[in-house]
Amino acid sequence: MRSAGSSGSSRRPFELKLRSRVMALEGRARVMGVLNITPDSFSDGGRYLDPAEAERRALRLESEGADLLDVGGESTRPGARPVSAREELRRVLPVLKRLKGRIGVPLSIDTTKYDVASAAFDHGVEILNDITALGSDRRIARLVARMGAAVVLMHMRGRPKTMQLDTRYTDVVREVRDHLRGAAHRALEAGIGTGRIVLDPGFGFGKDASQNLELLSRLEEFATLGHPLLVGVSRKSFIGHLLGEPVDRRLHGSIGAAVVAAIKGARIVRVHDVLAHRQALALVEAAGERRP
Ligand code: HH2
């Protein structure tokens with residue numbers, strides 16, 4: 001493997017424009033901490049349903065060094081059943097209300113629903129993290145543009161309920177990259193500024209274990225898209241598949257995958273275990289800077 005920064009893309013400075021501030025995406029890859037307020041998320045479902053517990057978790061992730069927090073009220077694990085906007089709002093709104101003024105880092109909302117995104121923006125959220133890349137509701141792209149928010153556009157084939165049924169690709173990297181290029185184009189057409197778009201290959205979303213590894217090993221090929229990359233590999237099943245480990249024993253594999261992603265150009269990594277990743281990524285950065 002080439003050393004840190006040698007792909008060029010990891011050194012490329014990006015600025016991500018949020019609603020209230022600009023985030024420099026240079027140097028160390030940024031850490032997005034995951035806050036799942038769901039009964040059924042694949043690794044931490046049911047743990048943060050109590051808003052006070054969720055608030056404690058958010059403050060802990062921030063104190064461990066999270067640069068961003070991603071709040072979600074619907075599990076998107078393979079086979080997950082969709083929930084209504086009403087139920088999603090019932091889960092996330094009390095938490096967003098508590099976090100307002102108490103959390104210093106920007107928040108993103110992990111949703112595909114217009115009503116949830118809209119209410120989240122009303123409560124100070126700065127980024128929409130949309131696993132359907134603005135594909136589930138035609139109004140949502142305009143909402144992001146109007147709000148001056150940033151957006152994460154992720155690749156997924158189908159929907160979580162069915163996405164693992166057909167994982168055939170001729171060239172997974174090329175197909176995911178083409179899909180993301182189209183999604184970024186549509187976002188720009190809807191009026192979302194170029195400095196507000198982040199792209200994500202969607203690890204685990206309609207890909208089998210070897211395709212996820214191929215995406216990771218060829219991540220530098222996404223640099224040509226010209227937008228910062230976010231990668232979410234934390235605790236995912238392809239890591240468990242490789243190591244033969246259950247979900248609660250995938251931390252070391254997750255860190256390994258995140259380090260590879262950062263070296264190959266990811267500017268944001270979405271993780272459950274913030275402190276461990278933050279420290280590992282500091283090493284990636286420090287080693288990269290020692291290059292002549
Ligand atoms: N992965 C998950 C959820 N949201 N968003 C982006 N942009 N990228 C990802 O890889 C991604 C995501 C799945 O992880 P988690 O939130 O922990 O699980 P669940 O969907 O079961 O709540």
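Reply: Helices (H or I, at least four residues) and strands (E, at least two) are DSSP runs, numbered from the N terminus. The model is predicted: local features need pLDDT of at least 70, side-chain atom pairs count only at pLDDT 80 or more, and totals for chains, interfaces and linings use all residues. Residues are numbered from 1 along each chain as its sequence is written, and side-chain values use heavy atoms, with hydrogens and water left out.

Me: Where is the place of leucine 229?

Reply: Leucine 229 sits in the loop that runs between α6 and β9.

Me: Is leucine 229 buried or exposed?

Reply: Buried means under 20% relative accessible area, exposed over 50%, and partly exposed in between (1.4 Å probe, protein chains only). Leucine 229 has a relative accessible area of 5%, so it counts as buried.

Me: With which residues is leucine 229 in contact, leaving aside its neighbours within four places in sequence?

Reply: Contact means heavy atoms within 4.5 Å. With those neighbours left aside, leucine 229 is in contact with Val198, Leu199, Pro201, Leu219, Phe222, Gly265, Ala266, Arg267 and Ile268. Glycine 240, by comparison, is 11 residues from leucine 229 in sequence, and their C-alpha atoms are 23 Å apart in space.

Me: How many bridges join the parallel strands β5 and β6?

Reply: Strand β5 (residues 107-110) is joined to strand β6 (residues 127-130) by 3 bridges; aspartate 110 has asparagine 129 of β6 as its bridge partner. Strand β6 also runs parallel to β7, with 4 bridges between them, and isoleucine 127 has alanine 150 of β7 as a bridge partner.

Me: Which residues point each way from β7?

Reply: In a regular strand the side chains alternate between the two faces of the sheet. From β7, Ala150, Val152 and Met154 point one way, while Val151 and Leu153 point the other way, and all are buried. Strand β7 (residues 150-154) is thus mostly covered, with 5 of its 5 residues buried.

Me: Which residues form the covered face of β2?

Reply: Strand β2 (residues 22-25) has Met23 and Leu25 on its covered face, and Val22 and Ala24 on the uncovered one. Strand β1 (residues 14-17) pairs with β2 in the antiparallel sense over 4 bridges, and a hairpin of 4 residues joins β1 to β2.

Me: Which members of the largest nonpolar core touch the most other members?

Reply: In soluble globular proteins, nonpolar side chains tend to be buried together. A nonpolar core is a set of buried Ala, Val, Leu, Ile, Met, Phe, Trp, Tyr and Cys residues joined through side-chain atoms within 4.5 Å. The largest core has 72 residues, of which Leu35, Leu128, Leu134, Leu153 and Phe222 touch the most other members. Helix α5 (residues 172-189) gives the most to this core, with 7 residues. Apart from it lies another core, of 13 residues, including Leu16, Met23, Met32 and Leu230.

Me: What does leucine 134 touch, not counting residues up to four places away in sequence?

Reply: On that count, leucine 134 touches Leu128, Ile140, Ala141, Val151, Leu153, Ala187 and Ile192. Leucine 134 lies in the loop between β6 and α4, and its phi is near 70°, a positive value in a residue other than glycine. Its relative accessible area is 13%, so leucine 134 is buried. Alanine 133, in the loop between β6 and α4 (140-147), also has a positive phi, of about 50°, although it is not a glycine.

Me: What kinds of residues make up the lining of the largest pocket?

Reply: Ala, Val, Leu, Ile, Met, Phe, Trp, Tyr, Cys and Pro count as nonpolar, Asp, Glu, Lys and Arg as charged, and the others, Gly among them, as polar. By that scheme the lining of the largest pocket divides into 11 nonpolar, 13 polar and 8 charged residues. A pocket, on a 1 Å grid over the protein atoms alone, is an open set of points where a 1.4 Å probe fits, with protein on both sides within 12 Å along at least five of seven lines; lining residues have an atom within 4 Å of a point. Among the 32 lining residues, Phe42, Thr76, Arg77, Phe205 and Lys236 lie nearest the centre of the pocket. At least two residues of the lining come from each of β3 (30-36), α6 (209-217) and α7 (237-243).

Definitions and conventions. Two strands pair if DSSP finds at least two bridges between them.
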